[in-house]
Amino acid sequence: RGDGGVVGEAAPAAVVLPGDEQTLVKAVRFCHQHGLDIVPRGGATSVRGGAIGGSESVVIATTRLNRIGEVHHRDRMVEAEAGAMLMAIDRAAAGKGLRLGVGPRVGSPATLGGGIAKDICGPAGGAGAGMAARVDVLRLILADGEAVELRGGAPPLGGYDLAGVVAGSEGTLGIISKATLRLEPRPEARRLIAARFKDVDAAVAAAIVLGRYAAPIAALDVVSSGFVAGTPVFAEIAAGDADDAAGVLVLAELEGYAEEVRLAGDALRQGLSEHGALACEDIADEERCQLAWEAFDGAPARLARGRVAGISDVVVSAAALQDSVRGLDEIAKRHGLEVVTCIRAGAGAIQSLFRAPGDATEGAVQVHAAINEAVALAAEGGGLATGSFGAGVLKTASAGYAGLSAADIGMQLEVKAAFDGEGIFNRGKVVT
């Protein structure tokens with residue numbers, strides 16, 4: 001029915017699970033002919049108001065469209081259907097010494113279609129390119145059932161990057177059927193360093209400085225005490241062998257050539273210690289490293305489960321990072337909410353899970369208000385309403401929607417009309 005942590009979900013009129021593109025086209029045409037709204041749905045991992053079908057909507061889920069084609073090593077390309085899990089594509093690429101390099105690392109059912117629709121970013125929220133940069137060709141089913149192929153990247157003779165327009169559009173322009181993706185070589189070495197800090201303020205300050213290092217940093221994240229306490233593997237890392245264990249961690253991962261990673265990792269550890277880390281630990285064991293990232297990717301949905309909750313996912317500049325984190329804490333206190341925060345310093349993204357206290361059944365109004373205030377806070381500093389996981393339906397009431405003017409929104413609505421003139425795709429996502 002709904003995704004993890006979503007406030008105010010409702011059962012849809014029907015759910016369709018096509019097993020091939022022909023059936024998908026038939027379902028879309030049927031909805032078009034009968035004036036039914038369509039909500040595309042991928043792996044249902046979102047805790048951000050993702051694929052929710054109202055009582056008059058038809059949810060079309062692509063999870064059975066999950067075939068992955070041959071991985072072409074020389075061209076570094078692979079074709080996969082929209083329902084293929086990102087981790088399955090990554091596994092297939094690993095056999096040829098390649099990787100997708102985008103999305104959750106392990107343990108997530110996130111799919112290709114959803115990943116493109118949200119234009120998710122690199123592993124663990126690093127500063128790498130998002131999904132749009134990986135798309136070479138995208139196949140999209142339009143509102144009348146027509147299947148069109150859109151090329152990604154800058155066309156050699158000019159024109160529009162239409163695949164890039166679809167990436168991040170959150171299912172408002174059509175349903176992705178399949179895509180051909182650009183892969184990248186797997187790094188020779190990886191090194192994950194976890195550093196304990198006394199509080200979030202000190203950890204963020206250190207992460208800002210480390211982000212300026214000339215080092216092959218693939219991920220640089222700060223996780224708050226609530227995040228750590230609710231994630232056993234991080235609680236174990238944070239505790240260590242010390243009595244002064246702090247509930248805040250900075251996670252820094254480096255990727256590249258073995259000697260480069262070794263030297264950069266040593267410099268990073270020293271930098272962390274010089275900027276207030278109580279202790280630093282290399283998570284060298286591959287299994288433990290994978291467990292850490294699996295816990296990282298799955299924590300928001302797990303911490304939201306069974307609670308009235310919702311996520312604010314905003315982006316701010318490095319200069320505004322500390323003040324924004326403090327402001328989010330103040331917003332939570334003002335509305336009587338708990339807040340669990342993950343700061344993806346490499347991308348400037350702050351993901352804050354606002355939760356009603358205890359097992360309270362009330363609190364939806366406060367959660368909505370907190371999310372909208374978080375967006376307004378980001379907008380004040382020239383930030384964005386959303387990072388790598390889409391805007392969702394929880395932010396549409398935000399004052400000054402991330403600084404978008406009427407002209408900006410008008411332009412987006414023109415794009416919407418060009419793809420879906422009758423407005424049947426994911427109607428609740430359109431900011432009116």
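Author: In α5, Val200, Asp201, Val204, Ala205 and Ile208 meet Leu321, Gln322, Val325 and Arg326 of α10, contact being heavy atoms within 4.5 Å. This is a predicted model, where local features need pLDDT of at least 70, side-chain atom pairs count only at pLDDT 80 or more, and totals for chains, interfaces and linings use all residues. Residues are numbered from 1 along each chain as its sequence is written, and side-chain values use heavy atoms, with hydrogens and water left out.

Reader: Why is α5 called roughly antiparallel to α10?

Author: Helix α5 (residues 200-210) and helix α10 (residues 321-334) pack at about 155 degrees, with axes 10 Å apart. Angles over 145 degrees count as roughly antiparallel, so α5 is roughly antiparallel to α10. Here angles run from 0 to 180 degrees between N-to-C directions, and axes are lines fitted to C-alpha atoms, for helices over the stretch in contact.

Reader: What makes β13 and β14 edge strands?

Author: The open sheet of seven strands runs β13-β10-β12-β11-β15-β16-β14, with antiparallel pairing; two strands pair if DSSP finds at least two bridges between them. β13 (279-282) and β14 (309-315) each have a single partner strand, so one side of each lacks a neighbour in the sheet.

Reader: Why is proline 357 called partly exposed?

Author: Its relative accessibility is 41%. Buried means under 20%, exposed over 50% and partly exposed in between (1.4 Å probe, protein chains only), so proline 357 counts as partly exposed.

Technical notes: Helices (H or I, at least four residues) and strands (E, at least two) are DSSP runs, numbered from the N terminus. Angles under 35 degrees count as roughly parallel, over 145 as roughly antiparallel, 65 to 115 as roughly perpendicular and the rest as oblique.
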